Amino acid sequence: MDFISAPVISGFCSAAAVTVILSQFKTILGLSFRGSTFTKVLPGIFKYWRSIRVWDAVLGFAFIAFLMLLKNLPLIKKWFNTGCCLHNPYVEKAMWFVSTCRNALAVILGCLIAYVFEIYGNRPFQLIGEVKCGIPDFQIPPFSFERPEEEFASSNWTDSDSDNQTSYELVTFPEILKDMGPGMVLVPVIAILEQVAIAKAFSNGAKTDSTQEMIAVGAGSIFCSFFGCIPLTASFSRSSVLSASGGKTQFASLINGCVVLFALAFLMPTFYFIPKSILGAVIITAVYPMIEYHEIPSLWRGRRIELFPFITTFLCCLLINMEYGILIGAQMHLLMLAYEGSRSKSTLTRYKEADEERVVLQADRNLYFPSVERFRNALAKVSIDVETKNRVVVLDMGRVNQIDHTTLKMLQSILAAWDKKEEKYCFTNVSDHLKQVLSSILPKGVPVSRPVLPSTDTTISFVP
């Protein structure tokens, strides 16, 4: 999970926010068609624009403006003089409370508006409707189920639909495992990736524990399975609403869960009158700050090359899907790191010490197989001057901590050629671990010196 970089997370969050906002626009406009992804919702809005429900659209956009106003309510006092009553501490606390509870206020106000219309026999808005009340019963997860068999057309075309009967087949647990196939591994991995990505997105740069997130997802899914729930995973839209409502710690999730259980047990009839466009407005105002467009100038001024994983993740999440988008973005950034790791640069320095000429070759990073040819070329440049006598080639390993087997084989070949030419060489600034690795190929008698550490009497000063 440590291989998901900040540009990949920014691209994922931005694409998720755009996808959620666009899908909620479908709800606000009162449109009903299948699909919730960017590639299905955007064409669907243009295709079914004649079916837009005006009352739902007016209510939805009005509440977006209402929620935006409440969100910026504490900033209104800056527009007034210091003598204004808005600077009273009690008024400021009241404004803060109203601003924090804006989502709940919007839902309650929307319920009242829909209920008033219902009293007078009008229903201009799409409502949530009836939701089954009560907490699901505790039961052992079923290991088999019945599903409808494939329906075949009746041979007698004059038969009525009432004569067509649907038959069911029993699906056993081994058949379930066979049908899932690689999904048994792929689905949990993608769920964990989304969980960790959303956790990092809302951590604001603070430390996140991937192991803790995996334990939470696994334990939560196992517990929920005893109540007939679908597999547990993170939700970008719900996390955004919780964050926008002022949630800061895990205690907010505990309160959120208790409120959900209380609502399931007692408040379901009340939710009947919640307009869907109100919920869409709440989600849109909570999600839109997660579009991290401000990261683009920062990446442009810093490392412009990291714009590629950001843009790749963003586009793939929009055009393919969220799960594969974050995987593709992470893999692309890893490939970029592998490419940069293969572009090793070696510094060549020549100087004379007494009657000997010393040629110092220093590698600037660890030596792995992608950089073998570049380091081989650097060593070849050193051995060009075959006629030079009294020369010592010094291989400075001060910046090298790891060497893989491919590089060792290449070094063994080069050193064997130098031995035939009676070329003098030595290794310096070699760490203990690297010395142990090099001992497998170095001939006996080759000087290998360790890094020179400062003595205990040396005073090291740091610039504050």
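P275 sits in the loop between helix 10 (250–267) and helix 11, where helices (H or I, at least four residues) and strands (E, at least two) are DSSP runs numbered from the N terminus. The model is a predicted one, so local features need pLDDT of at least 70 and side-chain atom pairs count only at pLDDT 80 or more, while totals for chains, interfaces and linings use all residues. Residues are numbered from 1 along each chain as its sequence is written, and side-chain values use heavy atoms, with hydrogens and water left out.

Back to the proline: with 0% relative accessibility, P275 counts as buried (buried means under 20% relative accessible area, exposed over 50%, and partly exposed in between, with a 1.4 Å probe and protein chains only). Its C-alpha atom is separated by 5.7 Å from that of Q126, although P275 and Q126 are 149 residues apart along the chain. Setting aside neighbours within four places in sequence, P275 is in contact with L59, G110, C111, A114, F125, Q126 and L127, contact meaning heavy atoms within 4.5 Å.

As for the chain as a whole, there are 17 helices and six strands. Of the 464 residues in the protein chain, 34% are buried. Among contacts between residues at least 6 apart in sequence, 70% join residues at least 24 apart.

The largest nonpolar core has 39 residues, a nonpolar core being a set of buried Ala, Val, Leu, Ile, Met, Phe, Trp, Tyr and Cys residues joined through side-chain atoms within 4.5 Å. The residues with the most contacts inside this core are I4, F12, F63, V287, M322 and I326. At least two residues of the core come from each of helix 1 (6–28), helix 3 (54–71), helix 5 (102–119), helix 7 (183–202), helix 11 (276–287), helix 13 and helix 14. Helix 1 gives the most, with 10 residues. F12 is in contact with E194, A197, I198, T313, C317, M322 and I326, again leaving aside neighbours within four places in sequence. A second, separate core has 28 residues, among them V372, L408, V430 and I441.

Helix packing comes next. The axes of helix 1 and helix 11 come within 8 Å and cross at roughly 160°; axes here are lines fitted to C-alpha atoms, for helices over the stretch in contact, and angles run from 0 to 180 degrees between N-to-C directions. Helix 1 and helix 11 are therefore roughly antiparallel to each other (angles under 35 degrees count as roughly parallel, over 145 as roughly antiparallel, 65 to 115 as roughly perpendicular and the rest as oblique). Helix 1 passes helix 11 in a left-handed crossing, the term for a near helix turned anticlockwise from the far one by less than a right angle, with right-handed used if the turn is clockwise. On the helix 1 side, A17, V20, I21, Q24, F25, T27 and I28 meet K276, S277, L279, G280, A281, I283, I284 and V287 of helix 11. By class, this contact has 10 nonpolar, four polar and one charged residues, with Ala, Val, Leu, Ile, Met, Phe, Trp, Tyr, Cys and Pro counted as nonpolar, Asp, Glu, Lys and Arg as charged, and the others, Gly among them, as polar.

Helix 1 also meets helix 2 (residues 38–47), with axes that come within 9 Å and cross at roughly 35°. This crossing is left-handed. V18, T19, L22, S23 and K26 of helix 1 meet F38, V41, L42 and I45 of helix 2, a contact of six nonpolar, two polar and one charged residues.

For helix 13 (residues 307–319) and helix 14 (residues 322–342), the axes come within 7 Å and cross at roughly 160°. Helix 13 and helix 14 are therefore roughly antiparallel, and helix 13 passes helix 14 in a right-handed crossing. F308, P309, T312, T313, C316 and C317 of helix 13 make the contact with M322, G325, I326, I328, G329, M332, H333 and M336 of helix 14. These residues divide into nine nonpolar, five polar and no charged.

T428 is in strand 6 (residues 424–428) and, at 19% relative accessibility, counts as buried. Apart from neighbours within four places in sequence, T428 is in contact with V394, L395, D396, M397, G398 and S449. Most residues other than glycine have a negative phi. E422, in the loop between helix 16 (405–420) and strand 6, has a positive phi of about 60° although it is not a glycine. E422 is exposed, with a relative accessible area of 70%. N429, in the loop between strand 6 and helix 17 (432–438), has a positive phi near 55° and counts as partly exposed at 23% relative accessibility.
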